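Reader: I would like to understand how the words used for a protein model are tied to numbers. Could you take me through them one at a time?

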Amino acid sequence: MSIQAPPRLLELAGQSVLRDQALTVSAVEELPRVLYLPLFMEAFSRRHFEALTVMVQAWPFTRLPLGSLMKTLHLETLKALLEGLHMVLTQKDRPRRWELEVLDLRDVDENFWAVWPGAWALPCSPEVTSKRETAEDCPSTGEHQPLKVFIDVCLKEVPQDECLRYLFRWVYQRRGLVHLCCSKLVNYLTPIKYLRKSLKIIHLNSIQELEIRNMSWPHLIRKLRCYLKEMKNLRKLIFSRCHHYTSDNDLEGRLVTKFSSVFLRLEHLQLLKIKLVTFFSGHLEQLIRCLQNPLENLELTCGYLLEEDVKCLSQYPSLGYLKHLNLSYVPLSRISLEALGALLEKVAATLETLILEGCQIHYSQLSDILPSLSRCSQLTTFYFGRNFMSMDALKDLLGHTSGLSKLSLETYPAPDESLNSLVHVDWEIFTPLRAELMRTLREVRQPRRIFIGPAPCPSCGSSPSEELDFHLCC
């Protein structure tokens, strides 16, 4: 029979404090720092809302990373904490021990709640520091530093999440005392008026990653351009499945020009991703030439680009240091790939990921990109599936990868000779052809993770991914 260890004196003291219904700020201020966090966690887990309200008014640390303690916001808990913060923020003379500067509602990976408080003076890792606020994100105003509230926002439906609406209303009513900072903002199907309301409350300088889905380009440009221009610390900008309903080329050109002017202000942009890129067909140069910062990641997918669009990609310095290039499902079969070859030549020293899946590339076009592809010495990931390649073409392609020693994941289509009249793989023909391709590849280098054939695989249902081991299913 195991003997349960008796509770420590600190635990008994904490339980005694929580039983005190008349808990006051003055009483909490006398608690030793080493007891403060265990007591707060106890009050939090047991939902002693009165204790939480009082304890946050005497919070003796600069940060309260509530998101790592409360994976999903609980409305009554949030109300109790914000009520306590309101009492402090509206006082001219704040409690003696109160040092709170940041209320972090993000689920950040930190050991704040398990580390003895004295260790917090030690330097933080770069990963942790990158998730914290910077001075320029939320500038200070007034006699006291404003309280900074950090949260990642995902707008999915109307009405919005009750906790989020309550928090937005609380912040809006305390403008000047509180700065709402949002490092990541994602908008799904929410009507644009709710997104605009959110942007009026959030400090735009704090937004580092913005993703907008399922919105019309004309509407987006007219209604959101003024907000985008103020997101000066934006690093990742993603537009997914944005569509347009105008056939007026002149109007479309004017809208693209207005939208492109936004990029003159985004000096820290590193990633630009546009899914369903058709709206920019014939106008891509206007956007690219306005990019101020060298991009690391460019994704233009699932749409149409003209030859003049592809040409402009190699002509501007902002794309000279790409690490990741994704043109998946952009049909390239009817245009010359000389410009794409020129771009690959330009970024050969930096490119790590190249995705040309489903681009309908034919063997006759390969000669335009193979020489430059063979010089991409830093390439680790190469997706080339769902293109139209003969057996000879694939052998030629694999032969040009001999110098790509860092390739760790690569995909290729089944050769045309193995496809039947319905463009499905005939496995009896395909299996020996694939074995021959592997022999060809092993003659020039040793592959790591490779997928040759249709995706997903009809035999096992798997698709290429970073988790995929060396894959040759039958």
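This is a predicted model: local features need pLDDT of at least 70, side-chain atom pairs count only at pLDDT 80 or more; totals for chains, interfaces and linings use all residues.

Reader: What is the angle at which the axes of α4 and α6 cross, and what makes a crossing right-handed?

Author: Their axes come within 8 Å and cross at roughly 35 degrees, where axes are lines fitted to C-alpha atoms, for helices over the stretch in contact, and angles run from 0 to 180 degrees between N-to-C directions.

Reader: Which residues of α4 meet α6?

Author: On the α4 side they are Phe 49, Leu 52, Thr 53 and Val 56, which meet residues of α6 including Glu 76, Ala 80, Leu 85 and Met 87; contact means heavy atoms within 4.5 Å. The residues of this contact of α4 with α6 divide into seven nonpolar, three polar and two charged, where Ala, Val, Leu, Ile, Met, Phe, Trp, Tyr, Cys and Pro count as nonpolar, Asp, Glu, Lys and Arg as charged, and the others, Gly among them, as polar.

Reader: How do the residues divide where α3 meets α4?

Author: The axes of helix α3 (residues 33-45) and α4 come within 8 Å and cross at roughly 145 degrees, and the crossing of α3 and α4 is left-handed. The contact is made by Tyr 36, Leu 39, Phe 40, Ala 43 and Phe 44 of α3 together with Ala 51, Leu 52 and Met 55 of α4, and these residues divide into eight nonpolar, no polar and no charged.

Reader: Why is Arg 47 called partly exposed?

Author: Buried means under 20% relative accessible area, exposed means over 50%, and partly exposed lies in between, with a 1.4 Å probe and protein chains only. Arg 47 has 45% relative accessibility, so Arg 47 counts as partly exposed. Arg 47 is found in the loop between α3 and α4, and has a positive phi of about 55 degrees although it is not a glycine.

Reader: Why is Asn 214 described with the words partly exposed?

Author: Its relative accessible area is 34%, so Asn 214 is partly exposed. Asn 214 lies in the loop between β7 and α10 (217-228), and Asn 214 has a positive phi of about 55 degrees although it is not a glycine.

Reader: Are Cys 226 and Cys 312 buried or partly exposed, and how many disulfides are there?

Author: Cys 226 has 46% relative accessibility, so it counts as partly exposed, whereas Cys 312 has 1%, so it counts as buried. A disulfide is a pair of cysteine sulfur atoms within 2.5 Å, and the structure holds zero disulfides.

Reader: What makes two strands a pair, and which strands form the open sheet?

Author: Two strands pair if DSSP finds at least two bridges between them. Two bridges join β1 to strand β2 (residues 102-104), and these strands run parallel. The open sheet has four strands in the order β1-β2-β3-β5, with parallel pairing. Its edges are β1 (63-64) and β5 (178-181), each with a single partner strand, so one side of each is left without a neighbour in the sheet.

Reader: How do you know that β14 is covered on both faces?

Author: In strand β14 (residues 409-412), Leu 409 and Thr 411 on one side and Glu 410 and Tyr 412 on the other are all buried. Three bridges join strand β13 (residues 381-383) to β14, and the two run parallel.

Definitions and conventions
Residues are numbered from 1 along each chain as its sequence is written. Side-chain values use heavy atoms; hydrogens and water are left out. A crossing is left-handed if the near helix is turned anticlockwise from the far one by less than a right angle, and right-handed if clockwise.
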